[in-house]
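Please consult the sequence and structure shown below.

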Amino acid sequence: MINYSEFLYTHSIDVAMISLILAGEMKYHDDMQWNIGIGAFLHDIGKVFLPDLGIHESGSRNENDKLYLQEHCKIGANSLKIFDFSDVCLDIVLHHHGKTEKSGEISKEAQIVMIADAFDNLTSEQMNRSAYTIEEAIDILKMDEKKYPQNLLLMLERIFSV
Ligand SMILES: [Fe+2]
Ligand SMILES: [Fe+2]
């Protein structure tokens, strides 16, 4: 079993790689791919400022878990504001679990990272369960049509199916 910070580090790299593969497939320009890759790598940076409460990003959630998920997005985006990161990076960090505001669509770039994040969480071993296979993970994501755009999931399926 790996510890929390090790998981966070490898998870960040995984999410950046998966997001970049999707962004490449979507034919984003190099500078936008750079922004998506950096935003994806830093998406969970807010967790560094919060204690490890053993809350994982997938699975059922109570109100405390939901609050924690919202907070790490806000703290992460705020912590990056003093640096010279693009608006795209900040938007990805803030919205990678959906809108923190009540309504509205999240950007395509945040959607890419949201899917990459959920996919990596599902295909990784967690404290309360073993890892899902790639096929199982995609099937689970497909069940939440409102949250995960089907065209991105089909792309993910095409890329990762062997
Ligand atoms: Fe997160
Ligand atoms: Fe994450």
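Which side chain meets that of Lys47 in a salt bridge?

## Basis of the model

The model is predicted: local features need pLDDT of at least 70 and side-chain atom pairs pLDDT 80 or more, while totals for chains, interfaces and linings use all residues. Residues are numbered from 1 along each chain as its sequence is written, and side-chain values use heavy atoms, leaving out hydrogens and water.

## Salt bridges

The partner of Lys47 is Asp44, at 3.6 Å from N to O. A salt bridge here is a side-chain nitrogen of Lys or Arg within 4 Å of a carboxyl oxygen of Asp or Glu. Lys47 is buried at 5% relative accessible area, and Asp44 is buried at 2% (buried: under 20%; exposed: over 50%; partly exposed: in between; 1.4 Å probe, protein chains only).

The whole structure holds 3 salt bridges. Another joins Arg158 to Glu25, with the closest N and O atoms 2.7 Å apart. This pair links helix H7 (residues 150–160) to helix H1 across 133 residues; helices are DSSP runs of H or I with at least four residues, numbered from the N terminus. Arg158 is exposed at 54%, whereas Glu25 is partly exposed at 34%.

## A buried arginine

Arg129 lies in the loop between helix H5 (108–122) and helix H6 (134–142). Arg129 is buried without a salt bridge, and the nearest side chain of opposite charge, Glu136, is 8.4 Å away. The side chain of Arg129 does reach the backbone oxygen of Leu122 at 3.5 Å, and one of its polar atoms lies 3.1 Å from the backbone oxygen of Ser124.

Technical notes
Chains lettered and ligands numbered in written order. Helix = DSSP H or I, 4+ residues; strand = E, 2+ residues; numbered from the N terminus. Lys, Arg positive; Asp, Glu negative; His and termini not counted. Polar contact = N/O pair within 3.5 Å; in protein donor to acceptor, adjacent residues only side chain to side chain.
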